[in-house]
Amino acid sequence: MLTITQALHDKIVAHARADHPDEACGVIAGPAGSGRPERFIPMLNAARSPTFYEFDSGDLLKLYREMDDRDEEPVVIYHSHTATEAYPSRTDISYANEPGAHYVLVSTAECGNDEGPVQFRSFRIVDGEVAEEEVEIVPGG
């Protein structure tokens, strides 16, 4: 199960809405070994695409060095789908290379940039196998 604060949930959703119609992407880092998502890190979708996301390789290298220096790891890796449901695509599955991470997908297909309903779902993706997990949103920032 993914346990995430309301504030972090809201930041992910806001980023997804802001970047619509392109897919948004980012990471929430947490203390290594804790499984606790704490530090919100929105990333630039280098592909600038409504159907695909790609982390900029330079930004990603910088992020991993920074997390290493802070004794952190990627607890949540998130991105949005702008026209389809919040479920990993074949491409998403092929790029999932952090077996310990929660892969969060937000669908802005219904609301676009506006307020309105979004799908917010979390998955574990290990060796190409996708398993949806519960999401518990807890108070806090």
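Is Arg-121 buried or exposed, and what is its relative accessible area? In this predicted model, Arg-121 is buried, with a relative accessible area of 18%. The cut-off for buried is under 20%. Arg-121 therefore falls in that class.

The side chain of Arg-121 meets that of Glu-85 in a salt bridge, with an N to O distance of 3.1 Å. Arg-121 sits in strand S6, and Glu-85 sits in the loop between strand S4 (72–81) and helix H3 (90–95). The two residues are 36 apart in sequence, so the pair ties together separate parts of the chain. Glu-85 is partly exposed, at 45% relative accessibility.

Side chains of opposite charge can pair when their charged atoms come close. The model holds eight salt bridges in total. One of them joins Glu-115 and Arg-17, whose closest N and O atoms are 3.6 Å apart. This pair links distant parts of the chain, 98 residues apart. Glu-115 lies in the loop between strand S5 (102–107) and strand S6 (119–126). Arg-17 belongs to helix H1 (residues 6–19). Glu-115 is exposed at 69%, whereas Arg-17 is buried at 12%.

A further salt bridge brings together the side chains of Arg-70 and Glu-72, at 3.4 Å from N to O. Arg-70 is partly exposed, with 48% relative accessibility. Glu-72 is buried, at 15%. Both residues belong to a network of salt bridges that also takes in Arg-39 and Glu-66.

Rolling a probe the size of a water molecule over the atoms shows where empty space is left. The largest pocket holds about 310 Å³ of space. Its lining consists of 15 residues. Closest to the centre are Tyr-53, Phe-55, Leu-60, Tyr-95 and Asn-97. Helix H2 (57–69) and strand S4 each supply at least two lining residues. The largest share, four residues, comes from H2. By residue class, the lining of the largest pocket divides into 12 nonpolar, one polar and two charged.

The lining of the second largest pocket comprises five nonpolar, six polar and two charged residues. For the largest pocket, the corresponding counts are 12, one and two.

The UniProt record, an unreviewed entry, places the feature "domain: MPN" at residues 2–129. In the model, the end C-alpha atoms of residues 2–129 lie 17 Å apart. This span is 26% helix and 32% strand.

Technical notes
Residues numbered from 1 in each chain as written. Predicted model: local features only at pLDDT ≥ 70, side-chain atom pairs only at ≥ 80, totals over all residues. Heavy atoms only, no water. Salt bridge = Lys/Arg side-chain N within 4 Å of Asp/Glu carboxyl O. Buried < 20%, exposed > 50% of the residue type's maximum accessible area, 1.4 Å probe, protein only. UniProt positions renumbered as here; feature names shortened; annotations may be inferred. 1 Å grid on protein atoms, 1.4 Å probe; cavity = no way out; pocket = protein on both sides within 12 Å on 5 of 7 lines; lining within 4 Å. Points joined across faces, edges and corners; volume = space filled by probe spheres on them. Nonpolar A, V, L, I, M, F, W, Y, C, P; charged D, E, K, R; others polar.
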